Amino acid sequence: MINSVLVVAAHPDDEVLGCGATMARHVAEGSRVTVLLMAVGVGAREPPDRAKELAARHAAARRACGELGVTELTLLAYPDNRMDQVALLDIVQDIEKLIGACQPDAVYTHHAGDVNIDHRRVHDAVVAACRPQPGFCVRQLLFFETPSSTEWRPSASFPPFAPDWFVDVSGYLPQKLAALAAYGDEMRAFPHPRSAEAVTHLAGWRGATVGVVAAEAFELGRAII
Ligand SMILES: [Zn+2]
């Protein structure tokens, strides 16, 4: 039984793209789900437009969590697309703090090879924060794919995403799509990979890969049973 789940993502919307339906399923099965979003998620606009956009993104993140039934949301303000300029230790310590607070059995985060630098930085920080020291709570560490970042990394440039862990989300895709709709301005028109159609196609293909109607796919980082 997974009692507590922590999802660590770089930008508002990554968490839904990567594992939104899985979160909805965890909530339905009685797990406590906590979402940590590390970076501001808005462009380099000047204040006061920047503050306004930031408030809108945060409101969207809360709405998206609401669609999934997630009540625990922490928003940090690391610089968007510049997390490589921040000391890794600072990022690790923020994640460790939340792990200490919510004691997750399972942690979900970005794939190591995404195009986006913040995704890779968050991946590295989560791996560091999840060092399996004696008595450590995390039993499952899983890496998700983020449409328009994971598949845009050429396979010769980094080991490609090779899922080996599939979550049957056949009943939960509508919640994922509703959560993505909360991020309206971040979604694009098909055939962009960050469109409702492409997300639906991907869930269908990941599902078909393992004989279910819809799935979210992950790479297993580590399991301790
Ligand atoms: Zn992102």
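His119 is buried, at a relative accessible area of 3%, where buried means under 20% relative accessible area, exposed over 50%, and partly exposed in between (1.4 Å probe, protein chains only). The model is predicted, so local features need pLDDT of at least 70 and side-chain atom pairs count only at pLDDT 80 or more, while totals for chains, interfaces and linings use all residues. Residues are numbered from 1 along each chain as its sequence is written, and side-chain values use heavy atoms, with hydrogens and water left out.

His11 sits in the loop between strand E1 (4-9) and helix H1 (14-28), and His119 in helix H4 (residues 117-129), so the pair ties together parts that are 108 residues apart in sequence. Helices (H or I, at least four residues) and strands (E, at least two) are DSSP runs, numbered from the N terminus. His11 also counts as buried, at 8% relative accessibility.

**The whole protein**

The protein contains six helices and seven strands. Starting at the N terminus, their order is β-α-β-α-β-α-β-α-β-β-α-α-β. The radius of gyration is 16 Å, close to the 17 Å that the globule rule gives for 225 residues, so the protein is as compact as a globular protein of that length. This radius is taken over C-alpha atoms, and the globule rule is 2.2 Å times the number of residues to the power 0.38. Of the 225 residues, 51% are buried.

**Helix H5**

Helix H5 covers residues 173-181, and its buried residues are Leu173, Lys176, Ala179 and Leu180. Seen down the axis of H5, these buried residues fall within an arc of 120 degrees, so they line one face of the helix; the arc is that of the directions from the helix axis to the C-beta atoms. Pro174 and Ala181, on the other side of H5, are exposed. The buried residues pack against H1, helix H2 (49-68), helix H6 (196-209) and strand E7 (215-223).

Leu177 also belongs to H5, and counts as partly exposed at 26% relative accessibility. Leaving aside residues up to four places away in sequence, Leu177 touches Ala196, Val199 and Thr200, a contact being heavy atoms within 4.5 Å. The C-alpha atoms of Leu177 and Ala196 are 6.6 Å apart.

Two strands pair if DSSP finds at least two bridges between them.

| Strand | Sense | Bridges to E7 | A bridge pair |
|---|---|---|---|
| E5 (residues 140-144) | antiparallel | five bridges | Leu142 with Leu220 |
| E6 (residues 165-168) | antiparallel | four bridges | Asp168 with Ala215 |
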